[in-house]
Amino acid sequence: MKALSLRTRIVGIFVIFYGTLFVMLLMWMMFHLREDFLKEVDEGIDAAAADLSLTLERGGSGVDSLGRALEQTSARIALARHVSIEHEGGTLYSCTDFPPEARAVRKGEYVTVFSDPLWHRVHVRQVGIYTLTIAEGITAMEHTLEESFLLIIISIPIVVFLSVIGGNYVVRRLLHPIDQIITKARRITSENLGERLPLPGANDEIGRLVDTLNEMIERLEHSFTQLEQFSANAAHELRTPLTILKGELQVALDSDLDGDVAKAILESNLEEVDRISRTVENLFMLSRIDNRLVGYEFEAVELRMLLEEIVQGCASLATQRQIKLRLEATASCIVHGDALMLMQLFLNLVENAIKYNHEKGSVTVLLSQSDASVRVKVCDTGIGIPQDQHARIFERFYRVNKQLTRERSGAGLGLSLAQWIANMHGGRIAIVSAPGEGSTFTVTLPIHLPTN
């Protein structure tokens, strides 16, 4: 069964709610009108009964005079109230058209009886030896109530019809901005993510919905832009070494090369293959990060030993460029993290400090600890980074000096991975650098990971 539309459900609720409210209000009004009218009738009957009771209580000739007066009066005009006075010896007085159903009413009650085709309000009271019964006609009121009830029954479909018409109009007006949003949103595709939904004038629920959708579109635009840039950069990074490989191999095939030249070409090819391998590995790592498929295992990691291992591993690279590499650790610091990830983080920073340093420069790794965190500084005397590019160096494939980065086997992915690893451990990376003055990367890690 097809689900009802939102508009139909709202109109249905509108009709049921207001239709029921309308009928209940009319019934409540009828009930109270009837109660008020009967109260007024009962007060009149009670007043008449009180007057008659005074005469009956005196007894004697007053009672006989009352009976004669009632008979004479009723003979000339129709009394508004029908009276019956009875006692053990018989009937003192009874109207000729007194409703027989009234005699079944118990003493002390005010009861409405129907004597076809008339309605009467009846009250019975005991006055000494006399039983006084007064019945007042209320046929007009009952007919009015019946007609009113019939009108209510007839008005129900009219009310429903008007509620449907009015509900449709109101809901259509209320949902019109949403229809506009839907129409506009359907026109926004991956090719025009720069467009935004028009903001309504009021800051209501629809306004907040539009703001939320625009924020989502902005995030999508940013993601698509990053994806396109990522794809273009990845293709460029792979195309360049493949072009070099193809050219060198073509030269090798078209020429008779001696051993030294062939060896040089093979060594160059090996460098390009290594470059492609590192790029593909980094791309694979970033893909796993984006899809949250990276597995890691947290344990106690002794940072001093880890940094010593990194410094020893990078010693040969530093020696090749005549760079002095040293580690200064004031304490044996232990953090809770993934050892392989942390190794990758600090290895990237140390390798960059060596690659982008001046020959005969220096790289210093400083390890210190405070009460709640560990700080690792990687300081170099290299070329430095302009202030306006500090925030961008952590973007994927971003390189301050593209030519220098390529010459030194960089793809612009190392710092992006480093920042992700630091964030994964609840830490952060900060940079202090200026052109010609070297760079200092500071990694701050909590000793204990924050609990989520």
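At what angle do helix H1 (residues 6-58) and helix H3 (residues 139-187) pack, and how far apart are their axes? The model is a predicted one, with local features needing pLDDT of at least 70, side-chain atom pairs counting only at pLDDT 80 or more, and totals for chains, interfaces and linings using all residues. Residues are numbered from 1 along each chain as its sequence is written, and side-chain values use heavy atoms, leaving out hydrogens and water.

H1 and H3 pack at about 155°, with axes 8 Å apart. Helices here are DSSP runs (H or I, at least four residues), numbered from the N terminus; axes are lines fitted to C-alpha atoms over the stretch in contact, with angles from 0 to 180 degrees between N-to-C directions. That puts H1 roughly antiparallel to H3 (over 145 degrees). The crossing is right-handed, that is, the near helix is turned clockwise from the far one by less than a right angle. By class, 22 nonpolar, six polar and five charged residues make up the contact of H1 with H3.

Helix H6 (residues 303-313) meets helix H8 (residues 339-355) at about 50°, and their axes lie 10 Å apart. Residues in contact (heavy atoms within 4.5 Å) include Leu-306 and Ile-310 of H6 and Phe-346 and Val-350 of H8.

As for cysteines, Cys-314 is buried at 4% relative accessible area and Cys-333 is buried at 0% (buried means under 20%, with a 1.4 Å probe and protein chains only). The disulfide count is zero, taking a disulfide as a pair of cysteine sulfur atoms within 2.5 Å.

Notes:
Helices (H or I, at least four residues) and strands (E, at least two) are DSSP runs, numbered from the N terminus. Buried means under 20% relative accessible area, exposed over 50%, partly exposed in between (1.4 Å probe, protein chains only). Angles under 35 degrees count as roughly parallel, over 145 as roughly antiparallel, 65 to 115 as roughly perpendicular and the rest as oblique. Ala, Val, Leu, Ile, Met, Phe, Trp, Tyr, Cys and Pro count as nonpolar, Asp, Glu, Lys and Arg as charged, and the others, Gly among them, as polar.
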